[in-house]
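Here are my notes after a look through this one, point by point. They cover some charged pairs and a couple of helix contacts.

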Amino acid sequence: MRQRITTIAFFLAATIALFFMLGCDRSGRGGDKSASLISSDSLNPLYAEGFGLEEQGGVYLLTIKDPEKESHKVYRFALVPKGMQGAVPEGYQPVSIPVERVVCMTTLQLSNFIALGQQPLVAGITSTRYLRDSTMKEQLSDGRTNKIGIEGNFDREVVMSLQPDLILISPFKRGGYDVLEQVSAPLVPHLGYKELTPLGQAEWVKVIGLLTGHYEEACRIFSEVESRYLTLKGYADKVSERPVVFSGEMRGGNWYAVGGKSYLAQQIRDAGGEYFLRDDEHSGGVSLDFETVYSQSDSARFWRILNSYPGKFSYDALKAEDARYADFKAFREKGVIYCNLREAAFYELMPMHPDWVLADLMAIMHPSLLPDHQPHFYYLLR
């Protein structure tokens, strides 16, 4: 495909498309903590499979379930605006909103607060290994935010001292939440990480928006991301050639990648590519041997790598890790799509910017579509 789409044309098209998107309620009430109620119609998620919202008598009913359907457990919460005496249905745990002090367990959860500019509400976090957000670093430095340990090994005393209104958890990971149940703050699952579509994951910002009193802003942010994403996807849908992309590296004798029904696989398809495990039915991680990967990827045009390599990553560095890597076509023809976690705030920004990731992938696989693109996370390794 020879069509050239300039950066100006792209943003013009995205802006026009935005006017036709059916976003959240735009009456201005979502961001006003004392404003009128949000209608149930504007609460329905468009892409996310893991949460549902409805308004009932002034109370917002939030249901959360596993988007991958690996668990059938359903979590139910009644979000009661402060100062309201709304009835809480049986089986729902009450949560007073807007919350003012929150504990986050994952960078994905934190990404929602960063997108909303609500980092000051985050009183506690777990790992800070790849933390790059300047506001969060400042809050950690001056004590406004505290480390609470890691999943499975939380510091209960620290968490209790924070007096959080809410603790966001990831119940299908390592757990250890029995310790947190003694804190007397509601434990609310955030399952954005289990969504199988990029827009589904990004849409979880609406849950955080409602919890913090910034629903209108969350809707606006999501609608803009949605518009840009769908505009880009529309360009990629028209490509005639879809290069194969494989992912992962060898670790401890096994090749770790994600399955053919995963978030990454979907995003590669949306960008005009084909994921190498397209017949695989797994949505999570898979462990493969080198021979299996090579048999399905030896002629693949691109190889996606995400790591935290110290120093400057290169093809020589990649070959030094495993000499067999040099046998891949993507290695020989310089087709490595790379992101270094030491350089890019990938985990903090990616969940709320799938449009940025999509643009990066498209610009690499189909450079004629976005000739003026500047990478956000991924670039073609030279």
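**Notes on salt bridges and helix packing**

1. Let's start with a local pair: Asp 142 and Arg 144 join their side chains in a salt bridge, at 2.9 Å from N to O. Keep in mind that this is a predicted model. Asp 142 comes out as partly exposed, with 44% relative accessibility, and Arg 144 is partly exposed too, at 42%.

2. How many salt bridges does a search of the whole structure find? The count is 14. As a reminder, side chains of opposite charge can pair when their charged atoms come close.

3. Another one to click on is Glu 70 with Lys 194, a salt bridge whose closest N and O atoms are 3.0 Å apart. Glu 70 sits in the loop between strand 2 (59–65) and strand 3 (74–81), while Lys 194 sits in the loop between strand 11 (187–189) and helix 5 (198–202), so this pair ties together parts that are 124 residues apart in sequence.

4. Lys 82 is partly exposed, at a relative accessible area of 45%.

5. On to the helices. Helix 8 (residues 263–270) has six of its eight residues buried, so the rest of the structure largely encloses it. Which residues of helix 8 are the buried ones? They are Tyr 263, Leu 264, Ala 265, Gln 267, Ile 268 and Asp 270. Just after helix 8 there's a backbone detail to check: Gly 272 takes a positive phi of about 95°.

6. One partner of helix 8 is helix 13 (residues 354–365): their axes come within 9 Å and cross at roughly 55°. The two helices are therefore oblique to each other, and their crossing is right-handed. On the helix 8 side, Tyr 263, Gln 267, Ile 268 and Asp 270 make the contact, and they meet Pro 354, Val 357, Leu 358, Leu 361 and Met 365 of helix 13. By class, this contact has seven nonpolar residues, one polar and one charged.

7. Last, helix 2 (residues 107–116) and helix 6 (residues 205–212). These pack with their axes 9 Å apart, at an angle of about 65°, and helix 2 passes helix 6 in a right-handed crossing. Asn 112, Phe 113 and Leu 116 of helix 2 meet Val 205, Ile 208, Gly 209 and Thr 212 of helix 6. Sorted by class, the contact between helix 2 and helix 6 has four nonpolar residues, three polar ones and no charged ones.

Definitions and conventions
Residues are numbered from 1 along each chain as its sequence is written. This is a predicted model: local features need pLDDT of at least 70, side-chain atom pairs count only at pLDDT 80 or more; totals for chains, interfaces and linings use all residues. Side-chain values use heavy atoms; hydrogens and water are left out. Axes are lines fitted to C-alpha atoms, for helices over the stretch in contact, and angles run from 0 to 180 degrees between N-to-C directions. Helices (H or I, at least four residues) and strands (E, at least two) are DSSP runs, numbered from the N terminus. A crossing is left-handed if the near helix is turned anticlockwise from the far one by less than a right angle, and right-handed if clockwise. Contact means heavy atoms within 4.5 Å. Ala, Val, Leu, Ile, Met, Phe, Trp, Tyr, Cys and Pro count as nonpolar, Asp, Glu, Lys and Arg as charged, and the others, Gly among them, as polar. Buried means under 20% relative accessible area, exposed over 50%, partly exposed in between (1.4 Å probe, protein chains only). A salt bridge is a side-chain nitrogen of Lys or Arg within 4 Å of a carboxyl oxygen of Asp or Glu. Angles under 35 degrees count as roughly parallel, over 145 as roughly antiparallel, 65 to 115 as roughly perpendicular and the rest as oblique.
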